[in-house]
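Please examine the sequence and the structure shown below before reading further.

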Amino acid sequence: MGVLMSRRQTVEQVQKVSLAVSAFKDGLRERPSTKRKAEAWGGQRGTLEHVVQEVQEEEEEERPEAAGPSQTQREKSRANRAAWERLRDGRGVEPEEFDRANRFTLPAFVRPTRELHDDEPLEISLEQREQVSSDEMCEICEVWTAESLFPCRVCTRVYHDGCLRRMGFLHNSSAVEVTETAHTETGWSCYYCDNLNLLLTEEEMYSLMETFQQCKIIPETCLTQDNFLHYKHLLHKRRFERPMSEEQEERAALQFSALDPDKKGHVEWPDFVSHESIVLMQKVRPQNSLLRLLTAKERERARATFLPLSQDSQGLISEGECRKAQHTWFRKHQKEAPSCNVSISHVGPMSESSPASSGSSRSQEKTLLGTEQEESSRPVDWPTFLKENVIYILAARPNSAAIHLKPLA
């Protein structure tokens, strides 16, 4: 089955092949040979077909006449010949053909910078749809192959599973999940989009690290509920110079429950850092600046969510529908994570006479019902919908089952 390549990628393939041929010929010139004639290079120059043939001749030349070739030599010969034939036929080189020690290194990452006018209004059209397509070459090895690639659901990057393994971004525990979800509607986030901390600028990251140090947070450790609530109390007191209210403490406990969907009793360090990163961005960045972080795939998902709700000619939805939409971005967790609308200390179904049921759950339901009754009549247009949902769209990027920013409603 043929695979089409773009003109740019075709040019890049030709350039890579030309460089490979030149390097291969230079190596052959430096090696002594009794059978290869000097005039052969003039007649065979620039053709990969003859390069493959010369590889075979060189291998036969170096093979001892008395003793037959060893099994290792035969396998190496077949592997080299197959690699050159794939290159000749335009089928690319498989990830297994790369030198693991020298070719696969961690990518250099430069933190983003805030533009001068990134807080100015940004117009994102509702009617003008965007044609989004993923890249055709692996982000790591930069080689095109006809094999299946794993696309990121946030950006346009694609990856070989072999490349992800060798980079240390794919382990046996997560390999099955990636294989099952990468080509589904749920999707899979690459290592760039999975880490919300990478969205922070140098200044924001320094501020977050300084906060961790002042609150005596030990890096790379899990946080229990007591540690998490104590940290939230310190942050609130530093910012507002007063202790947290009972309602705020209850909200913090619900956030801890959302970060611990498996009810292990602690929050993993990556989930905690992602949560604090998105909270910091919500606090210091204007909504217009956050809108600029959305990718084309995320904007298209936002349109697909808003359009079915806006049935009237004016393109408006209710406040209640807008708040419900804030939960839809975390739909990838529905099969894995239990509901987070219960107390962290409660296990099993709650009876009506339970203190936890009559306390936190009922008060939350009353607050939710009151909010919906007061604000459900407020119309919400497309720009407002985007501004009120952008922080949750970004918070839903990680593959983790944890909800890194629990919506208020």
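Which residues in α9 meet which residues in α12? Glu204, Leu208 and Phe212 belong to α9, and they meet Trp269, Phe272, Glu276, Ser277, Leu280 and Val284 of α12. Contact here means heavy atoms within 4.5 Å. By class, six of the residues in this contact are nonpolar, one is polar and two are charged. In this classification Ala, Val, Leu, Ile, Met, Phe, Trp, Tyr, Cys and Pro count as nonpolar, Asp, Glu, Lys and Arg as charged, and the others, Gly among them, as polar.

This is a predicted model, in which local features need pLDDT of at least 70 and side-chain atom pairs count only at pLDDT 80 or more, whereas totals for chains, interfaces and linings use all residues. Residues are numbered from 1 along each chain as its sequence is written, and side-chain values use heavy atoms, with hydrogens and water left out.

The protein as a whole has 17 helices and six strands. These are DSSP runs numbered from the N terminus, with helices (H or I) of at least four residues and strands (E) of at least two. Of its 409 residues, 39% count as buried; buried means under 20% relative accessible area, exposed over 50%, and partly exposed in between, with a 1.4 Å probe and protein chains only. Among the contacts with a separation of 6 or more, 74% join residues 24 or more positions apart.

Helix α9 covers residues 202–214 and helix α12 covers residues 269–284; their axes come within 11 Å and cross at roughly 120°. Axes are lines fitted to C-alpha atoms, for helices over the stretch in contact, and angles run from 0 to 180 degrees between N-to-C directions. The two helices are therefore oblique to each other, since angles under 35 degrees count as roughly parallel, over 145 as roughly antiparallel, 65 to 115 as roughly perpendicular and the rest as oblique. The crossing of α9 and α12 is right-handed: the near helix is turned clockwise from the far one by less than a right angle.

A second pair consists of α10 (residues 225–240) and α11 (residues 246–259), whose axes come within 10 Å and cross at roughly 135°. This pair is therefore oblique as well, and its crossing is right-handed. Residues from both helices make the contact, including Phe228, Leu229 and Lys232 of α10 and Ala252, Ala253 and Phe256 of α11. The classes in this contact are six nonpolar, five polar and two charged residues.

Is lysine 232 buried or exposed? Lysine 232 counts as buried because its relative accessibility is 15%. Leaving aside residues up to four places away in sequence, lysine 232 touches Met244, Ala252, His275 and Glu276.

Lysine 324, in helix α15 (residues 319–328), counts as exposed because its relative accessibility is 57%. Lysine 324 and proline 407 are 83 residues apart in sequence, and their C-alpha atoms are 9.2 Å apart in space.

Most residues other than glycine have a negative phi. Glutamate 241, in the loop between α10 and α11, has a positive phi of about 60°. Glutamate 241 is exposed, because its relative accessible area is 71%. Glutamate 142 also has a positive phi, near 55°, and lies in the loop between α5 (100–103) and β1 (150–151).
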